[in-house]
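User: I am new to reading protein models, and I would like to go through some features one at a time. Could you guide me through them?

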Amino acid sequence: MTMKDILNRMLNHEELTRKETHDILLGITKSEYPNEQITALLTALQMRGITVDELLGFRDGILETGVPAILNCDRYIDVVGTGGDRKNTFNISTTSCFVIAGAGYKVAKHGNYAATSTSGASNVIAHHGVKFTSDIDQLNRCMDECGIVYLHAQLFAKAMKFVGPIRLALQFPTCFNLLGPIVNPSQPQCQLLGVANLDQMRLYKNVYEKIGIDYCIVNSIDGYDEISLTGDFKVSSNDHERLYKPEDLGLHVAKPEELVAGASEEEAAAIFDSVLENRCFPAQKEIVMANAAFGIMVLERGKKDIFECLDIAKESIESGKALATFKKFVTFNS
């Protein structure tokens, strides 16, 4: 099917199949379509709203054309946010990953440089001297020795470079902004995902159900793509959906200014360090604990309740295990 046919179907408000968007992605990587047609397609999808199968088809294509990361580990988690909430928070997901790993669980964190905030996962990791790699042997050794690996997206998702200039020129989010959380090249069996709104929560819930993994999707009702503790937050997982208040977990309500990453990469890294070193503001510590705890609950398949998981996350920070894990990770990858 030609792109002309595809665009005509979009103009008729028709939906594409999973195979069709998979094939489109492959065609993009082979430079089969002019940029103008790709621009028209992305704009049409954004205006109409992408379907679950359309998103999964693009995911299939990205994984197929990318570099796989096959880890010799039965069960591990990725903690990630969709981004784009324009809140410029500190590196909550990345910090939570090291808290989870410090508690003895396995983590494969997938991330990239910042797009709309001061510091993305790759910024804060690279700031500490870590060298990114796609070498599978090294990644598996790192997982064995440190309990955590970092997968820098640009080394794995080769298809993204073909749409990068178009996405930059469009200056509005496209369906490719939604793909980051679901194209981890190791394809983890567990994921904690933060989304910026409830529409995204419903979309990803249906995506995860089709992929068939253990998941927990979180959204702070005031627009954060993570558990911010600035107010009520919603949690949706394989087996339950609930609205929480911070006090339901014995935690305090945070102020928005307590989540800000700062004005520079250095300031964001300093906050990241302060949490792992257990010398941060109480709100920052509780926010990381909360996100890590729901990640641990996913890994535990509900065998531990959220209060037990909060205690595990708290102990990982206060015992110094999270910090020790990070230091070992940096030494291994520098």
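Analyst: Let us begin with a loop: Ser-31 lies in the loop that joins α2 (18-29) to α3 (35-48). Please keep in mind throughout that this is a predicted model.

User: What is the phi of Ser-31, and is Ser-31 buried or exposed?

Analyst: Ser-31 has a positive phi of about 60 degrees, although Ser-31 is not a glycine. As for its surroundings, a residue counts as exposed when its relative accessible area is over 50%, and Ser-31 is therefore exposed, because its relative accessible area is 57%.

User: Which loop holds Gln-171, and what is its phi?

Analyst: Gln-171 is found in the loop between α8 (160-170) and β4 (190-194), and its phi is near 65 degrees, a positive value in a residue other than glycine. With a relative accessibility of 69%, Gln-171 counts as exposed.

User: How should I read a residue such as Cys-216, and is Cys-216 buried or exposed?

Analyst: Here the cut-off lies at the other end of the scale, since buried means under 20% relative accessible area. Cys-216, which is part of strand β5, has a relative accessible area of 1%, and so Cys-216 is buried.

User: What volume does the second largest pocket have, and which residues are closest to its centre?

Analyst: The general idea is that rolling a probe the size of a water molecule over the atoms shows where empty space is left. In this model, the second largest pocket has a volume of about 250 Å³. It is lined by 16 residues, and those closest to its centre are Ser-237, Asp-239, Met-297, Arg-301 and Gly-302.

User: Which elements supply the lining of this pocket, and what classes of residue does the lining hold?

Analyst: At least two lining residues come from each of β5, β7 (241-244) and α11 (282-299), and the largest share, three residues, is supplied by β5. Sorted by class, the lining has six nonpolar, six charged and four polar residues.

User: Lastly, which residues make the nonpolar surface patch of about 250 Å²?

Analyst: That patch is made by Leu-198, Ile-221 and Leu-243. Ile-221 sits in the loop between β5 (214-220) and β6 (233-237), and Ile-221 counts as partly exposed because its relative accessibility is 47%, a value between the cut-offs of 20% for buried and 50% for exposed.

Terms used: Residues are numbered from 1 along each chain as its sequence is written. This is a predicted model: local features need pLDDT of at least 70, side-chain atom pairs count only at pLDDT 80 or more; totals for chains, interfaces and linings use all residues. Side-chain values use heavy atoms; hydrogens and water are left out. Patches are made of residues with over 30% relative accessible area and no salt bridge: like charges are joined within 9 Å, nonpolar side chains (Val, Leu, Ile, Met, Phe, Trp, Tyr) within 5 Å. Accessible areas come from the Shrake-Rupley method with a 1.4 Å probe; for residues, only the protein chains shown count as cover. A salt bridge is a side-chain nitrogen of Lys or Arg within 4 Å of a carboxyl oxygen of Asp or Glu. Helices (H or I, at least four residues) and strands (E, at least two) are DSSP runs, numbered from the N terminus. Buried means under 20% relative accessible area, exposed over 50%, partly exposed in between (1.4 Å probe, protein chains only). On a 1 Å grid over the protein atoms alone, a cavity is a set of points where a 1.4 Å probe fits but cannot get out, and a pocket is an open set with protein on both sides within 12 Å along at least five of seven lines; lining residues have an atom within 4 Å of a point. Grid points are joined across faces, edges and corners, and a volume is the space filled by probe spheres set on the points. Ala, Val, Leu, Ile, Met, Phe, Trp, Tyr, Cys and Pro count as nonpolar, Asp, Glu, Lys and Arg as charged, and the others, Gly among them, as polar.
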